[in-house]
Amino acid sequence: YVREMRLVQETRLSALSDTRLGIEGHNWLRQLVHNTRDGDYVAMDGPPQALEAAIVGELRFFRKHSIEPVFVFNGLPVSRKDQRPFAKDDHRPAFRNAAWDAYWQGNGEQAQRGWATSSPHAQGDMVPFVMQVLQANGAECMRAPYSSWAQLAYLYRHETQPIHAVYASLDVLMFDVDRVVTAVSASKASFSWIQRDALLTKCGIGADQLLDMCILAGFDWCPTFPPLVSDIGFSFKAAVDAVAAYRTGFNAVQMLGDSAPSYSDSFLRAYCTVRYHIVLHLDGTVGPLNAEYAPNDLHDIIGYRLPTAAYHLLARGIVHPPVLNMLVSGCWLEFAPADNGESAEYRRMITGWERSLYQRQCAALCETFGSFYRQRKITMQTWFEPHAELVLHDSKPPARSDRPHRIDVRAGLSGTDAVLTPAAALDRASALVGPQPPADASSPSASSASAAALVSVLCDLGFVSQTGQHTPLGAALSAGMRALGPKPDAPPSLQWAVVEAAILLSQGALTGNRWSVAYDDDHAPAGGSDAAVQKHVRLLSRIATLVAPCQRSGSWKLAFSRDVLAFNSAARLAQKAISTCVDAACLVRAASDARGVTTADTTQLLELKGGLPIECASSDASGLLVQALLVEYARGSSGCWKRVLDAAGDSLVEPALTVRAAARLVDAVLAVACEQGSGVDRDVVADLKAARDWAQPAFSEAA
């Protein structure tokens, strides 16, 4: 409508020089993903290959033109009474199945198109990875408590002007922003923008009617007013005319709403959500816009209030929305992964191990967050059984003896600031855990935020006891860490890979056996017709999948594997659980500490989070690389690595480093499995030894 009215103005980019430009993160990211999207990132379950380079390129572009970008991403979703989990059919699994069928039939282009349109991840799932890239490149970014539109409007309109202009979608005009940048052209060195007063003049309405007009037209928080939709579709002009004729949107709903009797509630909820949206204020408080007029039941409109410390951690990217949304909405949702999650092994991990783990997180968080959350019922729902509600936290308060115990890290111990890796936390767990006096707000504790979070996570995962001693599984994990070699040579990503492997071994997911649903063996079995070789290739490629993805410089040229992808989904499940445990540990610490979140805490926790395996940044690329190597080795040992490099062309960056890391991880996984406390079946141990010995020449050639 704005384009039809010719309201878009174009100006040279130099007009934004020396300004702080507030950017709606999700809108900006949507454009980047659209420009970098390919099918590879779905077939391999990772971010678009060119996304990180595109982000860095955008930052260079802004800095070249003396523009300081400030990225604001959405936080928690706004409560919607009219939406139920899994109420709509998800057609993406069917599209992915069709894409794999096309791939196996040799139709690569059709497969790429199918994958590119069926990503299992919402755009918000990429935000942790994107924020990490932005922070690593010195860019300022934050998450709003809820919508970035309201947070940007608050920052733009504040008297101190933290930002001087807003680059966002037109929705931000509902929040009394007088002008908005809608597009930036690198080729023209210009930007497009809209002035709100020009839009109001064209529409013939006042400033107080703009919000009503937009609500009737429909947006994220409210459907389009049904009477405005004709047989040929919806025209924005109909919303303009309705507001002009009836003076307010609510009057229009009352006069025309016979066919939509429940719409008035949706309209009023959307109106209050915009007018009194919750934002993070510059003084650190969290509250509504237009606070003097805000109703006292905003919790029923936007969502239940959380401790202020939770919003601070969210804003800084230390915790992510899923764990907080679980508490606010009362439900944890599991959607189908990239391989469609059809195996019994994957589903058992969700309903068994993951559910048990999240029950402990809910208990600790609800106990810390106060009486309301202590009595909150929280459930888990899955895509494969959408009507079954698995209880994570009961509305009945637990008996005192059943309440969760919190791991405390002793204050005053030197060296706790260095505890940023699981190996370091395991080494010092017994020294770090113990009673300490109540925190004194006037004398900050000398304990390390990262140490407290890590030891708590290892306890939740079953590696450390409440007294700080290694459990049998923890002793097995410690053996695996030692097998990695000297700590300087064992980066955090590889240490976390050992943690994931220990989890997957304990759950029976990391073996050389076929899963209950297998795909590749019916088309092109890895390892040829020899069953023993197939098992070796299957086991070692699964382990290699846990290694941080090898860097790529172009589209993927080696073979894809849906079986490797299926195991990668289980690895992602473990990664997500680890990340959720870290989030919960940070929240419990911040909410129960009178000091809140200090600058030192923020630095430590961001560094800790930076070393975690972020689900959206992982992929099965390393597993595919090792599988390609072992398939060539099975065909003929001489020159197998050269044949892989020839097939990969220039699409990989230093692939030998990835293979070397995979070989080290195989040794570490074997060390974990050999420990008596690991609980790993002796047949699996024998398979690991046989596979390692068989593949040793191939790994040596690549290294």
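Colleague: How are residues numbered, and what limits apply to the model?

Modeller: Residues are numbered from 1 along each chain as its sequence is written, and side-chain values use heavy atoms, with hydrogens and water left out. The model is predicted, so local features need pLDDT of at least 70 and side-chain atom pairs count only at pLDDT 80 or more, while totals for chains, interfaces and linings use all residues.

Colleague: Is Gln-151 buried or exposed?

Modeller: Gln-151 sits in helix H7, residues 148–157; helices (H or I, at least four residues) and strands (E, at least two) are DSSP runs numbered from the N terminus. Buried means under 20% relative accessible area, exposed over 50%, and partly exposed in between, with a 1.4 Å probe and protein chains only. Because its relative accessibility is 1%, Gln-151 is buried.

Colleague: Which residues does Gln-151 touch, not counting those up to four places away in sequence?

Modeller: Contact means heavy atoms within 4.5 Å. On that basis the residues touching Gln-151 are Val-72, Met-142, Ala-144, Pro-145, Val-279 and Leu-280.

Colleague: Which residue of S7 is the bridge partner of Ala-183?

Modeller: Strands pair if DSSP finds at least two bridges between them. S6 (residues 179–185) and S7 run antiparallel and are joined by six bridges. In S7, the partner of Ala-183 is Ser-192.

Colleague: How many residues of S7 are buried?

Modeller: Strand S7 spans residues 190–195 and is also joined to S1 (residues 9–12), antiparallel, by four bridges. S7 is mostly covered, and of its six residues the number buried is five.

Colleague: What is the orientation of H22 to H28?

Modeller: The axes of H22 (residues 531–545) and H28 (residues 682–702) are 9 Å apart, at an angle of about 95 degrees. Axes are lines fitted to C-alpha atoms, for helices over the stretch in contact, and angles run from 0 to 180 degrees between N-to-C directions. Angles under 35 degrees count as roughly parallel, over 145 as roughly antiparallel, 65 to 115 as roughly perpendicular and the rest as oblique. H22 and H28 are therefore roughly perpendicular.

Colleague: What is the orientation of H14 to H23?

Modeller: The axes of H14 (residues 308–315) and H23 (residues 562–592) come within 8 Å and cross at roughly 135 degrees. That angle makes H14, relative to H23, oblique.
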